[in-house]
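Please have a look at the model first.

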Amino acid sequence: MADGTRAARPLSPHLQIWRWTVTMAASITHRATGLALSAGAALLSAWLVAAALGPQAYAPVAAFVDSPFGLVVLAGFCWSLTFHALNGLRHLYWDAGRGFALKHATMTAWLVYIGSIILTVIVFAAGLAAKGGA
Amino acid sequence: MAHKGTSTFIAQRASAVVLLPLAVWLAWSLAAHAGDSYEEIRAWLGAPVNAVLMAGFVLAAAFHMRIGLGEVIDDYIHSGLRGLCHAANWLFSAAVGLAALYAAWRLAFAG
């Protein structure tokens, strides 16, 4: 305003106003998993540096990964990766100008949620099998 | 990221396409090596092909991450702190990528 004060203009409605839909949830989850993957990338990088530095640097990192909390972090990283990758494919499909019809977008959002959970279970089962067999 | 909308859009999609096959490789490899000892992990990452794929994944991820985190910063930080946040984002992404590059180089080529 001319006198330097801000007018109390209405804000656009945010999360608590809208009725939840799966497309909206998928959009929010895409961003949330992107943030989680940023932390995951830093951890992956730290794990690589520890492996390069030697067994003394690697031991505490390996102990963390083997701990119950470490397994939860790994599961979260795995699901974030599969969700973000599958929903990223959905975004690329949109970029091609397809899949915008409401029914279609809702279906692909459900597919991303279900598919990412199935992929996470498969990768984790393979990991536990490799661990058990080693 | 003002005035760079189109190039940022393309860079984000291009890095996403690069990351897709690398992510499949990463998820599968980490699962396969879940029970490995330190020596086995060294041997696996000591093979240049694995070190290059690993460094490639983290570098592409850092590049993609810098764009994504930049979008989040632009969406939520409107004060003078925004420039500082973008600088911190650049430093963080560069550190993640360069650390992995250094580690992969040491593991595969410098013992």
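This is a predicted model: local features need pLDDT of at least 70, side-chain atom pairs count only at pLDDT 80 or more; totals for chains, interfaces and linings use all residues.

Let me start with a definition: buried means under 20% relative accessible area, exposed means over 50%, and partly exposed lies in between, with a 1.4 Å probe and protein chains only. On that scale C85(B) is partly exposed, because its relative accessible area is 24%, whereas C78(A), at 9%, is buried. Across all chains, a search of the whole structure finds 0 disulfides, a disulfide being a pair of cysteine sulfur atoms within 2.5 Å.

Residues are numbered from 1 along each chain as its sequence is written, chains are lettered from A and ligands numbered from 1 in the order in which they are written, and side-chain values use heavy atoms, with hydrogens and water left out.

Turning to the interface, 28 residues of chain A and 35 residues of chain B take part in the contact (heavy atoms within 4.5 Å). Together the two chains bury about 2800 Å², of which 76% is on carbon and sulfur atoms; this is accessible area, for a 1.4 Å probe, lost on putting the two parts together and summed over both. Of the area that chain A buries against chain B, R31(A), L48(A) and A52(A) supply 20%, more than any other three residues.

Finally, there are 2 salt bridges between chain A and chain B, counted where a side-chain nitrogen of Lys or Arg is within 4 Å of a carboxyl oxygen of Asp or Glu. One of them joins D95(A) to R13(B), with the closest N and O atoms 2.7 Å apart.
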